[in-house]
Amino acid sequence: MPTYFKVAFYWFVVVAGSFIHDFLPLPQSYLSNKRNVFNVYFVKFGWGWTLLLLIPFISFTSSVYTSLNPLAILKHLSRMAVATCGWYLWVNLFVYIEELTGLCEGEETLISKRSCNKEGFYWNGFDISGHCFLLIYSALVISEELQPKLYWPSIMSAVVQTSPENINGFQHRNIARLVTPLVEVFSFFAGFLSILWEFMLVFTTIYFHTVHQKILGALIAIFTWYITYRVWYYDALSPGLPWVLNAKVTG
């Protein structure tokens, strides 16, 4: 599915899930419990799981379409550094806003969320949905970075046709063949992870947060994706785009 279609789909999920949450609430279930296994072991470490699969995938694919150029490979990997900075800054801003706008219900002398929760009270700050942000942003980044897999036969064909008939060219072709199974494995698990993020997004919107908190989290995720993959990465002074997207721009 093209990334723009995914953006529309995620927006629909947030709006529809918020409508269900506010007007047609569903019975509580295992997935409405924040201690469910998906939330505790996957979503809580969601960005780490995303990096764990995308960094090797980008390393393997870019080593092929950059002809083993180490600086070019690092340039492509730097997209993950940019994405990590975006994730870190936004999540910490969400925490700051919640602290700034909240009070401890039941004991107003407690002036921080941590101390409030520690004493068993509830902090009522404006809690922008970090789950909506994380799940949508991770899924969009995965969608962009997996694009070379869709065109891998074309990339391999280009490698075979353009690699010179010398030792370096021979090594390039051999490495391209060697990394192909690894590209298949990491793309499969990254795609599976993206489906898990979409699955959890549905239940996050149905069971948690207010509509304003979810919509704001979703908008920030879409904005961060758009300003990088659809604006900045088209510039020469940027980490650049994955191979097939860059080919569309330059070709």
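**Salt bridges and a greasy patch**

Student: Glu198 and Lys6, buried or exposed?
Tutor: Both Glu198 and Lys6 are buried (under 20% relative accessible area; exposed is over 50%, partly exposed in between, with a 1.4 Å probe and protein chains only). This is a predicted model, so local features need pLDDT of at least 70 and side-chain atom pairs 80 or more, while totals for chains, interfaces and linings use all residues. Numbering runs from 1 along each chain as its sequence is written, and side-chain values use heavy atoms, without hydrogens or water.

Student: What do the side chains of Glu198 and Lys6 do together?
Tutor: They meet in a salt bridge, 3.9 Å from N to O (a Lys or Arg side-chain nitrogen within 4 Å of an Asp or Glu carboxyl oxygen). Glu198 sits in helix 9 (residues 167-207) and Lys6 in helix 1, so the bridge ties together parts 192 residues apart in sequence. Helices here are DSSP runs (H or I, at least four residues), numbered from the N terminus.

Student: How many salt bridges does the count come to?
Tutor: Five. One of them pairs Lys113 with Glu98, with the closest N and O atoms 3.0 Å apart.

Student: Why does Lys113 count as partly exposed?
Tutor: Because its relative accessibility is 27%. Glu98 is at 7%, so it is buried.

Student: Which residue does Arg230 bridge to?
Tutor: Glu144, with the closest N and O atoms 2.9 Å apart. Arg230 is in the loop between helix 10 and helix 11 (243-250), and Glu144 is in helix 6 (residues 130-145), so parts 86 residues apart get tied together. Both Arg230 and Glu144 are buried.

Student: Switching topic: which residues make the nonpolar surface patch?
Tutor: Among them are Met1, Phe5, Phe12, Tyr226, Ile227 and Trp232, and the patch covers about 1,100 Å². Members have over 30% relative accessible area and no salt bridge, with nonpolar side chains (Val, Leu, Ile, Met, Phe, Trp, Tyr) joined within 5 Å and, for charged patches, like charges within 9 Å. Areas are Shrake-Rupley, with only the protein chains shown as cover.

Student: Which helix gives the most to that patch?
Tutor: Helix 1, with four residues. Helix 1 (3-23) and helix 10 (211-229) each supply at least two. Ile227 lies in helix 10 and has a relative accessible area of 35%, so it is partly exposed.

Student: And what's the mean pLDDT of the chain?
Tutor: The mean is 88, and 92% of the residues reach 70 or more (pLDDT is the predictor's confidence in each residue, from 0 to 100).

How values were computed:
Areas by Shrake-Rupley, 256 points an atom, 1.4 Å probe, with all protein chains shown as cover.
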